[in-house]
Amino acid sequence: VEFKEEQEEACTKDGTIDWHGQPAIKAKSGQWTAGIIILSVNQGLATLAFFGVGVNLVLFLTRVLDQNNADAANNVSKWTGTVYIFSLVGAFLSDSYWGRYKTCAIFQVIFVIGLVSLSLSSYLFLIKPKGCGDEETKCGSHSGFEIALFYLSIYLVALGNGGYQPNIATFGADQFDENDLKEGHSKVAFFSYFYLALNLGSLFSNTILGYFEDEGLWALGFWVSSGSALAALVLFLAGTTRYRHFKPSGNPLSRFSQVLVAATKKCNIDMPLDADSLFDVDGNDSSINGNRKILHTNEFKFLDKAAYISTRDIDDEKKGIYTPWRLCPVTQVEEVKCILRLLPIWLCTIIYSVVFTQMASLFVEQGAAMKVIVWNFRIPPASMSSFDILSVALFIFLYRRILDPLVSRLRKKSSQGLTELQRMGIGLIIAILAMVSAGIVECYRLRYANKDCIHCEGSSSLSIFWQVPQYAFIGASEVFMYVGQLEFFNAQTPDGLKSFGSALCMTSISLGNYVSSLLVTMVMKISTEDHMPGWIPGNLNKGHLDRFYFLLAGLTTIDLVVYIACARWYKCIKLEGKGDENDDERGSFNKV
C-alpha cells in the first residue's frame, strides 16, 4: 500500500501519459527540460524559418515574379489567411485523432519539405539570371511549371506552419501539471517565454534575413530558413521520450452535435432545479477518453436537457440500450457550454488584431513618408518593427519579475497576480494608446511634409524615430493581450479541445487582417466622395491617415467597453480535481 501511494504521488495528476502510454512520472517527464526544447530550440528556430519567407514575400513576388503591387499584396494576404485557416485543421486533427506530438511532427515535416522545395525552385529556376531580384536587376520570364512549383512550395509552408503552430504552444503547456503548485506557476510562465521565443525568432528574420533578401540573396535566405526548420524538427524529435501527452478525445463535432440534438429532442421536458438527476454527474464515465471530468454549471440550462434522464432513457437502460443522440454525460454538455462562453471573449479580440495588423502595413507606409536618413544611413521603414520586439522582451521581463509579484503582494486573499481576463483588458487599453500615439505622430508628420512631392518617400522632415512610441505601445499590448489570450484559452478549454483554444488565437489574427482590409476599403469609399483624395491615398501627404488611426482608437474603446461586460459575465470552467477557488480567481475579471 505504501509503495502504491508513493507511485501515485510520483505521477502527474492531470491525466497526462508518457511515450509508452503509462501515467507520466513527474521526475522523468515534462517540466522545463521538455519546455526549453519546445521554447528555445523548436519555436525560436521554426519562427525564424517561417518569417524568413513571410517577411519579404511581397518583394519576391514583385521583383522576381514581376507581379504588380496590388496583385502581390493580394497574393500575400491570401497566403497569410491560409496559414491561419490551416491552424484549425491542425487543431482538429490533434484534438480528435493524432494527439499533439504526432500532429507537430507531421506538420513540421511538411514545413521542411515546403521550404526545401522553395529553396530548390528559387535557386534552379526562379533566380535567373543569377543575382536578379534586387532593386536593380530584373529576373527573366518563368514557365507555368516553375510558377506552379513556387506556389506549391509556399502553400506547403503555409500548411506545415499553420497546422503546427496552435499545437506546439499547447503541447508545451502540457509539459506542466497545473494541479501541482510549482508546475502550475511554471505553466503560466511558459506562455510568456513562448511568445518571447516567437518574437526573438522573428527579430533575426526581420533584420539579418530581411537584409539579405532585400539585397537579392533570395536563395541564401530560403536555404537558411530550410536549415533552421530542419534543425527545429531534429531537436523536437530528440526530446521524444521526455514529453508528456494527453490522449486525443475523438471528433468534437459529433460530440457537439449529439448534445444539441439530444437537448432539442427533450425541449418540452421540465427540468428539475438541482443537478442530481443528470446523467453520470458523479460517475467516472462522464469523462471523455480519460480526460478530466468537467463539473456542472448553471449557464445555458437548455443544454442540460441533453443530460436529463427521462423515463424513456430509463426504459432503454433496462433493455441495455444507450443512445448518445438522446442522452449525453454532463462533461460532454459542459464542453459545449465552455465553447459558447468563450465565443464573446474571442470576438472582442478581433478588433485588437485589427490594431496589431497596422504595424505591418500602415505603420510602414507612414514611416516611408518620414525622414529615414540618419547619419547617412537609410533606416528601412519595416525594420522599425524591431522596437516592437524589443518592447515585447522588455515588458515580459517587467511583468514576470516586477508587476506580477507586486500585484500578488497587494492581494489580500490570493497569491495570484492579474488574471488573464484583466491582462487582456489592459492590452486593449494600451492598444488605444498606440493608435492615439500614431495619430499624433501623423499630425506632426503632415505639418512638416511636402504636399506637392511626386515621389514622396522621406518627404517629411520629421524623423522616423518618432514612430518608436507607437511600436513600443503595440509590443507592450501584445504581452498583455496575446500572452494573456494564449493562457486564457488554454486554461478555459476542456482537455480534449486545448489545441482548438490555441487555434482561436490564430484565427483572431486572421480575422483581424480581413476586418482591417474591409475597414480600409469602406473608409476610402466614403472619404473619396466628391473627388476628395481620401484618408489613405497613394500620396499620404494629401490624405488624413491620422483620422484613420483615431477611428481605430475609437473602435477599440467601444470594443473595450463590450469586452468588460463580457468578461464580467464570464464564468470559469470547473474541472474535477482542481482547486475551485484558485481556478475561479485565475479566470475572473472581477477579482480584487
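How many disulfides does a search of the whole structure find? The search finds zero, a disulfide being a pair of cysteine sulfur atoms within 2.5 Å. This is a predicted model: local features need pLDDT of at least 70, side-chain atom pairs count only at pLDDT 80 or more, and totals for chains, interfaces and linings use all residues. Residues are numbered from 1 along each chain as its sequence is written, and side-chain values use heavy atoms, leaving out hydrogens and water.

**Overall fold**
- The chain has 19 helices and two strands. These are DSSP runs numbered from the N terminus: helices are H or I with at least four residues, strands are E with at least two.
- Of its 592 residues, 55% count as buried. Buried means under 20% relative accessible area, exposed over 50%, and partly exposed in between, with a 1.4 Å probe and protein chains only.
- Contact means heavy atoms within 4.5 Å. Among contacts between residues at least 6 apart in sequence, 81% join residues at least 24 apart.

**Cysteines**
- The sulfur of Cys572 has its closest cysteine sulfur in Cys338, at 10.0 Å, which is too far for a bond.
- Cys572 is buried at 7% relative accessibility.
- Cys328 is also buried, with a relative accessible area of 0%.

**Helix α6**
- Helix α6 covers residues 144–174, 31 residues in total. From first C-alpha to last it reaches 45 Å, close to the 45 Å expected at 1.5 Å a residue. The expected span is 1.5 Å times one less than the number of residues.
- A kink of about 30° lies at Gln165, shortly before Pro166. The bend at a residue is the angle between axes fitted to the seven residues ending there and the seven starting there.
- Because 22 of its 31 residues are buried, α6 is largely enclosed by the rest of the structure.

**Buried charged residues**
- Glu213 sits in helix α7 (residues 181–214) and is buried, with a relative accessible area of 0%.
- The C-alpha atoms of Glu213 and Val53 are 9.4 Å apart, although 160 residues separate them along the chain.
- Beyond neighbours within four places in sequence, Glu213 is in contact with residues including Gly52, Asn56, Arg63 and Trp218.
- Lys337 lies in helix α12 (residues 330–357) and counts as buried at 0% relative accessibility.
- The side chain of Lys337 reaches the backbone oxygen of Thr297 at 2.9 Å.
- Leaving aside neighbours within four places in sequence, the contacts of Lys337 include His296, Glu299, Phe300 and Asp304.

**Aromatic pairs**
- The whole structure holds 32 aromatic pairs. Rings of Phe, Tyr and Trp (its six-membered ring) pair if their centres lie within 6.5 Å; planes under 30 degrees apart count as stacked, over 60 as edge-to-face and the rest as tilted.
- The ring centres of Tyr195 and Tyr482 are 6.3 Å apart and the planes are at 40°, so the pair is tilted.
- This pair links distant parts of the chain: Tyr195 in helix α7 and Tyr482 in helix α16 (residues 468–492), 287 residues apart. Both Tyr195 and Tyr482 are buried.
- Ring pairs also link a cluster of Trp32, Phe176, Phe190, Phe191, Tyr193 and Phe194.

- Gln31, in helix α2 (residues 31–54), has a positive phi near 60°. Gln31 is partly exposed at 27% relative accessibility.
- Phe300 has a positive phi near 50° and lies in the loop between α9 (252–265) and α10 (301–304). Phe300 counts as partly exposed at 30% relative accessibility.

Technical notes: A polar contact is a pair of N or O atoms within 3.5 Å; within protein, one must be able to donate a hydrogen and the other to accept it, and residues adjacent in sequence count only if both atoms are side-chain atoms.
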